Structures are given as C-alpha cells and as structure tokens.
Amino acid sequence: MSAVEKVVGELKQLEELLVQCSRCGTCQSVCPLYKKDRQESSVARGKMYLLDALVEGQIKKADEIYKYLDYCVLCGRCKNNCPSGVKTDEIFLRARGILRQVKKLPAWQKLALKVAMGQPKLLAAMSPLFHIGLRAGASKVDDGVFKPMGLFRPLIGAMADRHVIDMPAEPFTKKYGGFNQAQNEKMRVIFYPGCAVTLIYTGWGEAIVETLLHYGVSVYVPEVNQCCGIPSATMGEMGLYKKQIGVNFDYFDSIKDAEYILTCCPTCEYGLGATAERESGRQRGKQMMDIIVFMAEVLKGDYPKDIPLEGRTTLHIPCHYNHAKDSVLKEFIKEHFDTEYADLKNDGCCGFGGTFSLKNYAHTKEISALKAKEVEERGYKNLFTACPGCAMNLTDATLTAETAVQASHPVVEMYRRRIKKNP
Ligand code: SF4
Ligand code: SF4
C-alpha cells in the first residue's frame, strides 16, 4: 500500500463528519480568510470539498492538499455558525495529522517544536537570553514593545515589521511556580499560565495570582510550564500534542485539593479542554475556566468598582473564548471600570492563529489592521482582550496604525490600578 493510499484510507474515517456538510456556504460570511481573499479553498466548505475529493480518490496529490488545510487560523467561527453543526475544527486537526504522513514538517520546524514541547525548563532558563537579545537586536518603540532592527530583514523577511512584546529576564514560574498560600484561605485552585504568560506577559500572571491571593484563593502554579500542545496540533503533529495533554493532565491529577484549573488563555483552555479529552481518551477531572468567569461566577468577590479609565473602551473577544460567557466578560468590564464602553463592530478574529501568524504574517496583518482601523476611527483609548496571543497581535496592529493603544487584560488593569500595594 502506497503512503497516499494509506492516507486516503485514514481520511475515510472522517467521512461521517464530512457528510454532515450541506454545502450551504454560511461559513463564507464568518471566515476571516474568505472575507479577505474570496477564495473557496480558504473557507470550510472549500476545504471540505478538497478532503471529499481526496477520500473519493479524485486527487492523487494528497501532500498538495495540506497547504489548503494549513491556510486556516482555526478560529472555529465556521463551526460556531454552521447550521448543520459540522465539527470543522475536529475535521481540520485530524486531517492535518493524517496528511502529515505525506507532507512532512521541515526538519528545523520539527526540531523547534520538539524543543518547545519537550524542553520547557530549557526555554524558561533562556529567559535572560531572550531579554538581552531583544535589547541587542531590536529597538524600543513603546512601553515594553520592541521592533527588530532592519538588518534582520534578510533573515526574517516581513516579520521584521512585527512589534515584539518584551520578554522579562525571569519567567513567571520562577517566582510563582509551586504553591502560593493565601491568608484566610477560602479555596484552592490551579492557575495554568501557558507559554505566553510564562515567558512574555509575566505581569498578567502576577496580576492574576496576586488578585486571587488577595481574595483568599490559594494558587498552585506548575513549577515548569508545559505547553498545552496546540502549536503541535495545528502543525499536524498529533503525537506531540497527545504527549503534552498527557503531561498536563498528570500534573492536574497530582493536585488533589484544587477543584478548578484557571487560565487567561482561551486557546490553552481549548487545547486542554474537550479537544484534549477526545484526542487522548482521558478525562481531565477538574473544571477548566477563564479567570474572569471564575471571578464573576464562582469567587464573586467584592472587587473594586468605578476604576477610572481615561477615554473610551472596547473589547476584542478571542475566537476560542467560551462564547456562552461573552456577556460575563463584557459585564465584568462595565461593572468594574468607570469608562464609556462600546463593543467593537468588527467582532471577528484578530488574525493571529498562533503558528499561522508565523507562516502568514502578511495575511495576519491585513486582518488585524481592520481592528486597528476601528480602534482609531472610533477613538478608543483602551482595548481589552482576554488572551495573551490576541493582545500581542492587536498591539502589533494598533502600534502599526500609530494609535498608541496597547491591548490589556481587565484583571491586569484592576490589579495594577486598585489591588496592588504601592502601585
Ligand atoms: S461547513 Fe457548515 S456552514 Fe459551511 S458549507 Fe458546510 S454546512 Fe454550510
Ligand atoms: S476555522 Fe476560521 S479561518 Fe478556518 S475555515 Fe473556519 S472560519 Fe475560516
């Protein structure tokens, strides 16, 4: 049996998911990539046609199909808006994993993934180097934001235009890894920081843990952050993804006296949520939820109100946020901040998509520029989001548009302005 025949055989296992697509085309109206380039291969329906054709044996070049599946931010908007309930995210992730057998990941990318997944201690230990390297190879353009020097353009191409958020000299886990005991303890939770908070937005981690401690919640933080594995899954390396699910679930299981796993990264929540349970066949055993949902619906603390924010405020809701809780997120901002709040009219994806942005920065930039344009035109001075990846990408877009508005997290602003001692 040839490799292509084997792949086609495995793809046939997806048939029962693929047949649910009625070809109605509703997904065209929500897909950020289709809206941008009007190509059928960009949208879920087109990708489904290609996979169907592959299963039917019409297309022999399975390895070429990979690039169309790969051109997707995995925002899940097609799934969330599909009238037939097609599980597009499951189809795309599983199909990428199957097609990886014939469309191998370049060796250097596989090595980078293996280091990122398998050597988290090494990554954390390299924080001081990242910190110094950023100062040596980039110029500071805003508070905590750098831009690579032009001399790197031949090496990194269009990425030389990207604004890079500062990488502190110490990872978040160095100070907070382990058990953080609250005075007058009410309950215990696990805070899963994810890679972005561990290495980049360490201030978000500090704000969240200190806020929880302030309200009597003791917090377990992994001594070493293990990636949720989603970068591997999106690159079709499902074996690496399953390994990451295993190490994270083992850690969660090892903490017996915490009921909740909290995170401020909806993509980590997605990667270690139902998708992880489906792919690994394991149950997580503890409820995982966003920090704001926990504060609003479980902890119900007497949080500060009327925290003044200068100028108008808006919010970008991350694609992987638990959308049943979108209103909780909005209400949290309106209830605790003294500001003129309005929803963004453009409620679509910010265009980041994790590894998508690394490979397709020009496309990411086109999508995020639409958000930045609205921020500028409607005169917002404060831009909230509930995901460090979105914050990075939106900050890049707003600074590119010269609006000088950096994206931030509501709990971070609450902590810095009201809860932190001697702010
Ligand atoms: S994926 Fe859903 S929304 Fe898109 S064409 Fe198929 S049935 Fe319609
Ligand atoms: S996941 Fe997002 S980018 Fe991918 S096809 Fe669906 S709507 Fe388009």
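Ala, Val, Leu, Ile, Met, Phe, Trp, Tyr, Cys and Pro are counted as nonpolar, Asp, Glu, Lys and Arg as charged, and the others, Gly among them, as polar. On this scheme, the shell around ligand 1 holds seven nonpolar, five polar and two charged residues. The model is predicted: local features need pLDDT of at least 70 and side-chain atom pairs count only at pLDDT 80 or more, while totals for chains, interfaces and linings use all residues. Residues are numbered from 1 along each chain as its sequence is written, with chains lettered from A and ligands numbered from 1 in the order in which they are written.

Ligand 1 is surrounded by 14 residues, of which the closest are Cys 21, Cys 24, Cys 27, Arg 45 and Cys 82. A residue belongs to this shell if its C-beta atom, placed from the backbone, lies within 6 Å of the ligand.

## Domain arrangement

The protein chain is divided into domain 1 (3-99) and domain 2 (307-419), with bounds taken from an automatic or database domain assignment. Their C-alpha centres lie 29 Å apart. Nine residues of domain 1 are in contact with eleven residues of domain 2, contact requiring C-beta atoms, placed from the backbone, within 7 Å.

On the side of domain 1 that touches domain 2, the elements giving two or more residues are α3 (32-37) and α6 (77-80). Helices (H or I, at least four residues) and strands (E, at least two) are DSSP runs, numbered from the N terminus. The largest share of this side, three residues, comes from α3. By class, this side of domain 1 has five nonpolar, two polar and two charged residues.

## Packing of α5 and α7

Helix α5 (residues 62-70) packs against helix α7 (residues 88-99) at an angle of about 145°, and their axes are 10 Å apart. Axes are lines fitted to C-alpha atoms, for helices over the stretch in contact, and angles run from 0 to 180 degrees between N-to-C directions.

From α5, the contact involves Ala 62, Ile 65, Tyr 66, Leu 69 and Asp 70; from α7, Phe 92, Ala 95, Arg 96 and Leu 99 take part. The contact of α5 with α7 comprises seven nonpolar, no polar and two charged residues.

## The parallel sheet

Three strands form an open sheet in the order β10-β12-β13, with parallel pairing; two strands pair if DSSP finds at least two bridges between them. The edge strands, β10 (312-316) and β13 (407-408), each pair on one side only.

Strand β12 (residues 380-385) is joined to β13 by two bridges. Phe 384 stands opposite Ser 408 in β13.

How values were computed:
Two residues are in contact if their C-beta atoms, placed from the backbone, lie within 7 Å.
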